[in-house]
Amino acid sequence: MPGTPRERAREQTLDDITRIGRRHLAEVGAAALSLRAVARELGVVSSAVYRYVANRDDLLTLLVVDAYTELGDEVEDAVGAAGPTAVDRFSALAQAVRAWAVREPSRWALLYGSPVPGYAAPAERTTAQGTRVVTLFAHIMDDAWRAGELAGGDGTAPGALAPDYRAIRDQLSLSVPDGVVAATVQAWSALFGAVSFEVFGQYGADTFTDLDSLHDYTVERLSVQLGLGVPTREPG
């Protein structure tokens, strides 16, 4: 916690701006966010808010980092509380991602929906938090490889992809071969795509009557395709 009253006041104001920004995001969408509207709700003039958040893009970045951070925290907590096997850790990760997205559809849309016109998230402020979930997933796979828990995963990448997979391994300090990196990337995109289909209603209103079962079965299939086996099912 910041030590001085000035630092604490600044932190509280940023928290208030973030809280109001979250609600406005849900109500009007990212493209229509307005610092003036946030200032009105705070009960201050716009110039006072500009001391903390420079413009609309800065507000969007604040909300992006806030959303990535909360998503990362919840996923890490879920994985930490899961069983010791890689398959149950992956299942916990997948369930936590979906639970957060369904609960926070407007914030999921900010992270993984259509780009906001005219806005580009600054990598230096968003990458560290934005890559937490996929980094955790990659390390679950790496741990499984080291422990001999994976069935398959061998194979070399096409020449055009080999440098990319090598860069991923180097960046994340992974020991897995190309085949496991490829499977991880494919499962990551499939999981997040399935969650987005649900959040954005892309399956259609009447296609699936039990979205919980659909998600569970999707995770089960991904687990098997990854070579992890079938996740443990909760009784009932």
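Residues are numbered from 1 along each chain as its sequence is written, and side-chain values use heavy atoms, with hydrogens and water left out. In this predicted model, local features need pLDDT of at least 70 and side-chain atom pairs count only at pLDDT 80 or more, while totals for chains, interfaces and linings use all residues.

Q: Is S46 buried or exposed?
A: S46 lies in helix 3 (residues 46-50); helices are DSSP runs of H or I with at least four residues, numbered from the N terminus. Buried means under 20% relative accessible area, exposed over 50% and partly exposed in between, with a 1.4 Å probe and protein chains only. Because its relative accessibility is 14%, S46 counts as buried.

Q: Which residues is S46 in contact with, leaving aside its neighbours within four places in sequence?
A: Contact means heavy atoms within 4.5 Å. With neighbours within four places in sequence left aside, the contacts of S46 are R36 and A39.

Q: Is R89 buried or exposed?
A: R89 belongs to helix 5 (residues 86-103). Leaving aside neighbours within four places in sequence, R89 is in contact with V79, A82, G83, P84, I140 and D143. Since its relative accessibility is 18%, R89 counts as buried.

Q: Are helix 4 and helix 8 roughly parallel or roughly antiparallel?
A: The axes of helix 4 (residues 56-80) and helix 8 (residues 132-146) come within 9 Å and cross at roughly 25°. Axes are lines fitted to C-alpha atoms, for helices over the stretch in contact, and angles run from 0 to 180 degrees between N-to-C directions. Angles under 35 degrees count as roughly parallel, over 145 as roughly antiparallel, 65 to 115 as roughly perpendicular and the rest as oblique. The two helices are therefore roughly parallel.

Q: Which helix gives the most to the lining of the largest cavity?
A: On a 1 Å grid over the protein atoms alone, a cavity is a set of points where a 1.4 Å probe fits but cannot get out, and lining residues have an atom within 4 Å of a point. The lining consists of A194, V195, E198, Y203, L211, L214, H215 and T218. Helix 10 (178-199) and helix 11 (211-226) each supply at least two of the lining residues. The one giving the most, with four residues, is helix 11.

Note on methods: On a 1 Å grid over the protein atoms alone, a cavity is a set of points where a 1.4 Å probe fits but cannot get out, and a pocket is an open set with protein on both sides within 12 Å along at least five of seven lines; lining residues have an atom within 4 Å of a point.
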